[in-house]
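Visitor: I would like to learn how to read a sheet and a pocket in a model such as this one. Could you take me through them in turn?

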Amino acid sequence: MKILIVEDDKRIAQPLAEDLQYQNHAVDIALDGEMGWHCTQATDYDLILLDVMLPKLDGIALCKKIRQSGSTAFVLMLTARDTTADKVLGLDAGADDYLIKPFELEELSARIRALSRRSREVSHPVLSHGKLQLDPGRCTVTYNQQPLDLTPKEYMILELFLKHPGQVLTRSAILDRLWNFDQVSGEQTVKTHLTNLRRKLKVAGASGKLIETVYGLGYRLNQRKK
């Protein structure tokens, strides 16, 4: 999933981002409400973790703006306020769920999985291409029913290609989609991860051209399913 954390306390935001990245999510951080709003206009997020008490634009107001913009991203509100009135206020603003601070990372992960399941009821979770299968719910990849051991970035690159079959993706497009704003990465990084991903697919028995190079343009998933 592509996740945005809108949290002004770096001591909370950074460890949270690192934990979610370890779980194969791509994560951006915004330290105030206005920055969070600009991020949502620049990127299509699957989930927004939104603190209520934010500088420049509070979480309730930001949530309303996000919904008014037509975004269908899940919004999980994070707050120290635990009264029923506060929860109702957040939910009425358009939030999908509400989590009280302090919280355990295990509980947050469970809430995210629950929201993900809600989405998968509509969108058929398993992505397939011939003998290749990627299950977003379990974050697993198999080829010919044999599991592949991929790094988080390799997993996300493969998922991106499976979600856009036949579409040519440039290195810069992959970089913009899967790397965080604050990560210093170049297009050579994308090439390196693609090389490693192709090697692992080939070792598993897939064609070396499963992800093919479209010279001068980028890469795409080969439409010949093997």
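Guide: Before we start, please keep in mind that this is a predicted model.

Visitor: Which residues line the second largest pocket, and which elements give two or more residues to the lining?

Guide: Among the lining residues are Met1, Lys2, Asn24, Asp46, Met156, Glu159, His164 and Arg177. Helix 6 (152-163) and helix 7 (171-178) are the elements that give two or more residues to this lining, and the largest share, four residues, comes from helix 6.

Visitor: How do strands of a sheet pair, and what is the order of the strands in the open sheet here?

Guide: In general, strands of a sheet pair through backbone hydrogen bonds, and the pairing is either parallel or antiparallel. Here the open sheet has five strands in the order 2-1-3-4-5, with parallel pairing; its edge strands, each pairing on one side only, are strand 2 (26-30) and strand 5 (97-100). From one strand to the next, the twist averages 20 degrees.

Visitor: How many bridges join strand 4 to strand 5, and which strands does helix 2 lie across?

Guide: Strand 4 (residues 74-79) and strand 5 run parallel and are joined by four bridges, and Leu76 has Asp97 in strand 5 as its bridge partner. Helix 2 (residues 33-42), for its part, lies across strand 1 (2-6), strand 2 and strand 3 (47-51), and runs at about 165 degrees to strand 1.

Key. Residues are numbered from 1 along each chain as its sequence is written. This is a predicted model: local features need pLDDT of at least 70, side-chain atom pairs count only at pLDDT 80 or more; totals for chains, interfaces and linings use all residues. Side-chain values use heavy atoms; hydrogens and water are left out. On a 1 Å grid over the protein atoms alone, a cavity is a set of points where a 1.4 Å probe fits but cannot get out, and a pocket is an open set with protein on both sides within 12 Å along at least five of seven lines; lining residues have an atom within 4 Å of a point. Two strands pair if DSSP finds at least two bridges between them. Axes are lines fitted to C-alpha atoms, for helices over the stretch in contact, and angles run from 0 to 180 degrees between N-to-C directions. Contact means heavy atoms within 4.5 Å.
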